[in-house]
Amino acid sequence: MEEQEKAPRVGTSKVKAVDRELVWKLASMMCTIKEIADVIGLAEATVSKKFGDLIDKGRSQGKKALRRAQFEKAVMDKDPRLLIFLGKQYLGQKDSPEDNDTTTPLPWQE
């Protein structure tokens, strides 16, 4: 009797081991889902579905590291451009201040 090759069952696939630390590092460097998917060799939808929470946490960590580096650079080097940028972002400072309380001209007396 001849042996027949068994066809793979529908819905089954090889499970690929993915280095979660690599996904975390890529996410903390602000890589896109597409970039992460390309590196680890999975589809974008699969990466989003299986690693969405990990990617969100990695990106959050990356933002914190970037913010910390900006503040350190601004304070240590006293970089005026960076201090102005951070003031606008976090303190609501503007280039051209507006006086909203008194927009009518002062009375003119001769």
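How are helix 2 and helix 3 oriented to each other? They are roughly perpendicular (65 to 115 degrees between axes).

## Basis of the model

The structure is a predicted model, in which local features need pLDDT of at least 70 and side-chain atom pairs count only at pLDDT 80 or more, while totals for chains, interfaces and linings use all residues. Residues are numbered from 1 along each chain as its sequence is written, and side-chain values use heavy atoms, with hydrogens and water left out.

## Overall architecture

The protein chain contains four helices and zero strands, in the order α-α-α-α along the sequence. Helices (H or I, at least four residues) and strands (E, at least two) are DSSP runs, numbered from the N terminus.

Of the 110 residues in the protein chain, 18% are buried; buried denotes under 20% relative accessible area and exposed over 50%, with partly exposed in between (1.4 Å probe, protein chains only).

Helix 2 spans residues 33–40, and its residues Ile33, Ile36, Ala37 and Ile40 are buried. Viewed down the axis of helix 2, the buried residues fall within an arc of 100 degrees and so line one face of the helix; the arc is that of the directions from the helix axis to the C-beta atoms. An α-helix has 3.6 residues a turn, so residues three or four places apart point the same way.

Asp38 and Val39, on the other side of helix 2, are exposed. The buried residues of helix 2 pack against helix 1 (20–28) and helix 3 (44–77). Just after helix 2, Gly41 adopts a positive phi of about 80 degrees.

## Helix 2 against helix 3

The axes of helix 2 and helix 3, lines fitted to C-alpha atoms over the stretch in contact, come within 10 Å and cross at roughly 115 degrees, on a scale from 0 to 180 degrees between N-to-C directions. In this contact (heavy atoms within 4.5 Å), Ile33, Lys34, Ile36, Ala37 and Ile40 of helix 2 meet Glu44, Val47, Ser48, Phe51, Ile55 and Arg59 of helix 3. The residues divide into seven nonpolar (Ala, Val, Leu, Ile, Met, Phe, Trp, Tyr, Cys and Pro), three charged (Asp, Glu, Lys and Arg) and one polar (the others, Gly among them).

## Helix 3 against helix 4

Helix 3 packs with helix 4 (residues 80–91) at an angle of about 130 degrees, the axes being 9 Å apart. Arg67, Gln70, Phe71, Lys73 and Ala74 in helix 3 meet Leu82, Leu83, Phe85, Leu86 and Tyr90 in helix 4. By class, this contact has seven nonpolar, one polar and two charged residues.

Key: Parallel < 35°, antiparallel > 145°, perpendicular 65-115°, else oblique.
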